Amino acid sequence: MHRYKLLVMLAALAIMVLGAAGVGAQDDAVTLTMTCRCVEGGVNSNLVVWLKTYVIPTFEERMAEQGVNVTVELVEFGGSDEQLKQQYALDLGVGAGADLMSFDGFWVPEFVDAGLIQPLEAIAGEIVNEWDGWEHIPEAIQELLSYRGERYGIPVGTDVRVIYYREDVFTEAGIEVPWQPTSWADILETAEQLKEAGVEIPIQLNAGTPMGEATTMQGFFMALLGAGHHLYDFDEEKWIVSSPALLETLRFYEEIYVNRELGDARMQLVEDGRQRSFEAFANGEVGMLVEGDFFWRSPMFELMGVEQRNSLVRFALMPAREPGAGYRGQDYVTISGGTGWILNPNTEHPELAWGLLSHMSDVDAVRAFQLIQPRISFRDDVPVAGDPTMTAMADAALSLSTVRPQLPEYPQISVEVQLMTERVVSGEMSPEEALEAYAEAVTELVGEENVIRIPLE
Amino acid sequence: MEHKPSIFPARIGILFLLPALFFVAIFLIFPFIWVIIISFTNQTLTGATAANPQFVGLENYARLFDFSRWMRSGEFGASLLITVQFVLGSALIGQAGLGLLIAVLFYRRKGWARRIVTTLAVLAWIIPEVVVAFAWFAYLDRDSGTLNMILSALGLGKPDWLFDYPLLSIIIFNTWRGSAFSMLLFQSALETIPPSYIETADVAGASAWQKFRDILVPLLRGHIATDLILITLWTFNVFTPYLLTGGGPTNRTQLVSIYTYKTAFQFFRFGQGAAIAVVMMFINLTLALIYLSTLRRQRVDA
């Protein structure tokens with residue numbers, strides 16, 4: 001065993017020496033690296049296309065004109081968001097990692113508190129604030145990658161969540177399209193109709209730990225906001241750990257997965273469930289799927305192709321439990337997140353790295369991206385282009401939206417939320433028991449003084 | 001102990017040992033102490049406690065042994081119980097049983113059947129973990145797995161192996177995976193039994209079962225003990241099932257090794273993960289001590 005470890009160390013040493021020699025040989029050329037959860041032909045394929053055909057060549061060209069020899073390498077990461085986050089935490093913890101990292105906004109606070117990432121200004125200096133792009137990024141969108149008043153990255157956009165359905169599946173089941181439910185009862189009724197018509201999985205509302213944040217955002221929040229409040233009380237600055245709305249939310253899950261078996265609980269509990277749900281929807285086996293517009297832009301684009309997607313897939317807004325019963329008294333609810341790119345504080349070329357980040361965030365680059373994948377952009381001078389459905393989703397949902405609390409303890413609480421839903425949809429616990437276990441776990445995480453319990457009934 | 005003449009004086013011997021001791025210290029003793037220290041802190045990978053961990057005394061251990069939720073799905077007690085079932089099923093019954101069966105079946109036999117079975121068992125043992133896990137994942141898949149294709153062709157339906165019988169699946173998987181070690185150990189042990197014992201028994205008209213029970217088992221007893229303890233030790237720490245089930249569904253295959261990994265590297269709670277690792281180390285140490293004392297007793301017997 002020790003001999004083996006020694007061997008590994010010697011090998012590592014040899015590689016380091018050789019690597020150092022290699023770098024020393026041509027010290028005028030600079031290599032920048034960037035990582036995202038993106039694979040050509042796979043997840044976020046469009047992003048790779050944009051980076052490889054537009055961003056990287058134009059940046060290298062621009063730098064060459066200024067006499068700087070830069071090569072940009074893209075590291076395509078094919079795992080899940082959770083695995084990417086794990087990779088980042090471990091890389092940054094030992095001072096490694098790519099120069100530019102695609103980053104989910106809600107990871108920012110816990111990484112900042114751990115000292116793993118730094119504000120853009122601290123890394124690249126005053127040139128960050130001189131960038132002319134900031135005035136075209138609305139405050140609320142800048143917030144997505146900010147924490148305590150400091151900017152840590154530039155967002156690439158924001159998103160909304162809605163219910164997706166297939167027009168052909170609905171028509172065949174005798175449901176009139178366009179379809180727009182106004183209450184949870186409507187959703188359940190439609191699901192029953194679909195079930196009667198032989199649709200295998202009438203509705204899928206994400207739950208369980210394997211789906212990670214997709215459970216919290218696409219499933220739990222979409223129900224909870226419709227039941228009346230947020231996970232966090234922004235006025236009191238406390239977590240709501242027990243309330244009638246939380247219980248209603250869990251009962252809605254129980255109704256779908258346990259009592260009426262309108263959803264496929266198995267899909268929520270197996271490891272690759274989310275991908276399976278995408279494929280099942282593309283195959284016409286799922287009636288309604290609550291998802292973010294990522295689902296429209298990426299999996300549906302890749303699995304169905306633009307034409308088939310545009311002719312078959314429709315969306316409806318997620319209704320509150322009853323009209324007016326939603327968050328802030330709304331009839332319909334949704335929630336937004338946002339990803340973007342941050343700079344690695346360990347980068348050896350901070351100014352060049354910022355150069356790349358600002359280059360890919362300028363108006364021409366963002367317009368170029370809209371041509372490849374129309375989406376809600378982060379710049380107010382670049383509208384969604386060439387995808388009427390995407391525009392319609394943004395117009396209908398953005399004004400109804402809210403965001404997650406940008407706090408370091410949120411990711412851990414989100415895991416507890418996922419566990420709570422898992423306990424209900426797997427039948428392990430009743431909604432009451434699962435809620436109590438959740439309240440107990442969150443109280444332990446944040447302390448008794450930071451939680452609110454609203455009496456049940 | 002008598003003094004044996006040696007080439008070098010004792011002092012030079014120690015000098016030669018130093019490099020080895022140095023690496024043992026760096027790679028074994030230091031991490032061991034470090035893990036114990038971490039287990040008394042609330043160190044995490046992200047968040048404020050990553051930059052400034054605090055000493056929390058025995059809190060991490062108290063949480064592990066909080067009996068009000070000890071057996072709840074996903075907690076330490078439940079994981080420990082799953083691990084015990086896994087070790088019993090896949091190591092003690094599965095690997096040792098199958099290994100012994102193959103070794104005895106082909107005892108004093110030569111030919112292609114023995115060669116094929118032995119080769120297959122060893123192959124299953126030496127293929128890289130990730131390859132094996134991927135193959136089994138594809139094999140057991142409900143809708144497009146090879147096993148269910150065969151079963152449904154025979155009219156036996158399509159059981160959902162990794163969802164409805166996850167623990168059984170990883171037990172069968174690990175039995176298949178690791179029987180070769182026990183088989184090889186028993187085969188070589190059997191070679192040491194003088195053929196005259198069996199020949200004499202044959203002359204006396206003993207049945208196969210009698211030969212097995214009265215000749216082979218008593219002579220193999222020491223080897224069986226060694227085998228059982230060693231594979232228990234290994235199986236206790238095995239992580240490969242994670243590649244098959246990820247510890248799920250609903251934590252039903254969450255072995256203690258997976259529990260440790262999830263706590264430390266998925267939920268980033270290093271302190272808590274270290275506490276589990278320390279408890280595991282003590283369990284392993286106990287098993288190792290039993291193994292060593294068994295070995296010593298065997299040497300005395302011999």
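**View 1. Arginine over aromatic rings.** The charged end of Arg266(A) is placed over the ring of Phe163(B), 5.7 Å from its centre. Arg309(A) lies over the face of Trp296(A), at 4.1 Å from the ring centre. A charge sits over a ring if NZ of Lys or CZ of Arg is within 6 Å of the ring centre and within 35 degrees of the ring normal. The model is predicted: local features need pLDDT of at least 70, side-chain atom pairs count only at pLDDT 80 or more, and totals for chains, interfaces and linings use all residues. Residues are numbered from 1 along each chain as its sequence is written, chains are lettered from A and ligands numbered from 1 in the order in which they are written, and side-chain values use heavy atoms, with hydrogens and water left out.

**View 2. Aromatic pairs.** Rings of Phe, Tyr and Trp (its six-membered ring) pair if their centres lie within 6.5 Å; planes under 30 degrees apart count as stacked, over 60 as edge-to-face and the rest as tilted. By this rule there are 43 aromatic pairs over all chains. Tyr232(A) and Phe234(A) form an edge-to-face pair, because their ring centres are 5.3 Å apart and their planes stand at 80 degrees. Tyr232(A) is buried at 10% relative accessible area, while Phe234(A) is partly exposed at 39% (buried means under 20%, exposed over 50%, partly exposed in between; 1.4 Å probe, protein chains only). The rings of Phe40(B) and Phe55(B), with centres 6.4 Å apart and planes at 40 degrees, are tilted. This pair links distant parts of the chain, 15 residues apart: Phe40(B) is in the loop between helix 1 (10-38) and helix 2 (48-51) of chain B, and Phe55(B) in the loop between helix 2 and helix 3 (59-64). Helices (H or I, at least four residues) and strands (E, at least two) are DSSP runs, numbered from the N terminus.

**View 3. The disulfide.** The whole structure holds 1 disulfide over all chains, joining Cys36(A) to Cys38(A) with S to S 2.0 Å (a pair of cysteine sulfur atoms within 2.5 Å). This link is right-handed, with 60 degrees about the S-S bond. Both Cys36(A) and Cys38(A) are buried.

**View 4. Surroundings of Ser401(A).** Ser401(A) belongs to strand 16 (residues 401-403) of chain A and is buried at 14% relative accessibility. Its side chain makes a polar contact with the side chain of Ser336(A) at 2.6 Å (a pair of N or O atoms within 3.5 Å; within protein, one must be able to donate a hydrogen and the other to accept it, and residues adjacent in sequence count only if both atoms are side-chain atoms).
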